[in-house]
Amino acid sequence: TFSAMYAPLAISATWLFSSQGRGREALFAQTILSALTVVSFCAGLPFGPVGVALAFSLSGLCIRLPILYARVGKEGPVRTADLWSVFFRHLPVWAFSFGTAYLMLRLLGGFGPFSQVAICSVVVFAALAVFVFVSPLQKRVTSNIVDLARERLSQMRTRKERISQRQ
């Protein structure tokens with residue numbers, strides 16, 4: 001969904017406020033974004049639960065995220081252009097996973113909701129693994145994540161060993 005794309009980007013962007021000691025600006029931005037969230041819910045209410053979900057998701061991606069990126073990128077080492085660069089770099093991954101999930105949902109129309117989610121999850125995960133394998137950019141990002149995870153595990157083991165040696 002659009003919300004699946006918006007949420008991680010917005011959350012990570014808000015961390016920049018905290019890491020740069022910009023609490024007052026974070027409060028201001030979150031107040032604006034919260035008000036816009038309420039407006040999006042109200043706009044979707046006449047169309048039922050699907051309308052609320054769609055209004056929330058689209059407003060997050062098309063209205064709230066640009067406002068947040070503009071506020072966050074106004075000061076500090078991470079500029080608004082840097083934030084949008086990351087957004088557009090990962091857009092093909094989202095489009096591929098969304099398209100795969102949508103296609104699977106259409107193919108599994110006769111199945112129950114639990115079966116649809118279970119089967120779609122497995123198929124999308126497998127398709128994304130192939131996509132990451134053939135995409136040089138995504139392969140590099142995945143490699144960096146794996147390297148960071150290994151480094152963190154090594155640090156945790158070292159710390160655990162030091163603690164056990166003290167005892």
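Of the 18 residues in the largest nonpolar core, L65, L68, Y69, V72 and F87 touch the most other members. Helices α1, α2, α3 and α4 are the elements that give two or more residues to this core. The biggest contribution comes from α1, with seven residues. The model is a predicted one.

Y69 is among the core members with the most contacts to other members. At 2% relative accessibility, Y69 is buried, because the cut-off for that class is under 20%. Beyond four places in sequence, Y69 touches L9, A13, T80, L83, W84 and F87.

Eight aromatic pairs occur in the structure. In one of them, the rings of Y69 and W84 have centres 4.8 Å apart and planes at 70 degrees, so this pair is edge-to-face. The pair links distant parts of the chain, with Y69 in helix α3 and W84 in helix α4 (residues 80–107), 15 residues apart. W84 has 21% relative accessibility and therefore counts as partly exposed. F87 and F88 also form an edge-to-face pair, because their planes stand at 90 degrees and their ring centres are 4.9 Å apart. F87 is buried, with a relative accessible area of 8%. Y69, W84, F87 and F88 together make one aromatic cluster.

The two pairs are set out below.

| Pair | Ring centres | Ring planes | Class |
|---|---|---|---|
| Y69 and W84 | 4.8 Å apart | 70 degrees | edge-to-face |
| F87 and F88 | 4.9 Å apart | 90 degrees | edge-to-face |

Another ring takes part in a contact with a charge. The charged end of K139 sits over the ring of F133, 4.6 Å from the ring centre.

**Helix α2**

Helix α2 covers residues 23–44, which is 22 residues. At 1.5 Å a residue, α2 should span 32 Å, and its end C-alpha atoms are 31 Å apart, so the two values agree. The buried residues of α2 are E25, A26, A29, L33, S40 and G44. Seen down the helix axis, these buried residues fall within an arc of 90 degrees, so they line one face of α2.

What do the buried residues of α2 pack against? Their partners are α1 (2–19) and α3 (48–72). On the other side of α2, R24, L27, V38 and V39 are exposed.

**F2 and its contacts**

F2 lies in helix α1. With 26% relative accessibility, F2 counts as partly exposed, because the class runs between 20% and 50%. Leaving out residues up to four places away in sequence, F2 touches S57, L58, L61 and W94. F2 and W94 are 92 residues apart in sequence, yet their C-alpha atoms are 8.9 Å apart in space.

S57 is found in helix α3. S57 is buried, with a relative accessible area of 9%. Apart from neighbours within four places in sequence, S57 is in contact with F2 and S3.

**Summary**

The core draws on α1, α2, α3 and α4. Y69 belongs both to the core and to the aromatic cluster.

Notes: Residues numbered from 1 in each chain as written. Predicted model: local features only at pLDDT ≥ 70, side-chain atom pairs only at ≥ 80, totals over all residues. Heavy atoms only, no water. Helix = DSSP H or I, 4+ residues; strand = E, 2+ residues; numbered from the N terminus. Expected span 1.5 Å × (residues − 1). Buried < 20%, exposed > 50% of the residue type's maximum accessible area, 1.4 Å probe, protein only. Arc of directions from axis to C-beta. Contact = heavy atoms within 4.5 Å. Phe/Tyr/Trp six-rings, centres within 6.5 Å; stacked < 30°, edge-to-face > 60°. Lys NZ or Arg CZ within 6 Å of the ring centre and 35° of its normal. Core = buried A, V, L, I, M, F, W, Y, C linked by side-chain atoms within 4.5 Å.
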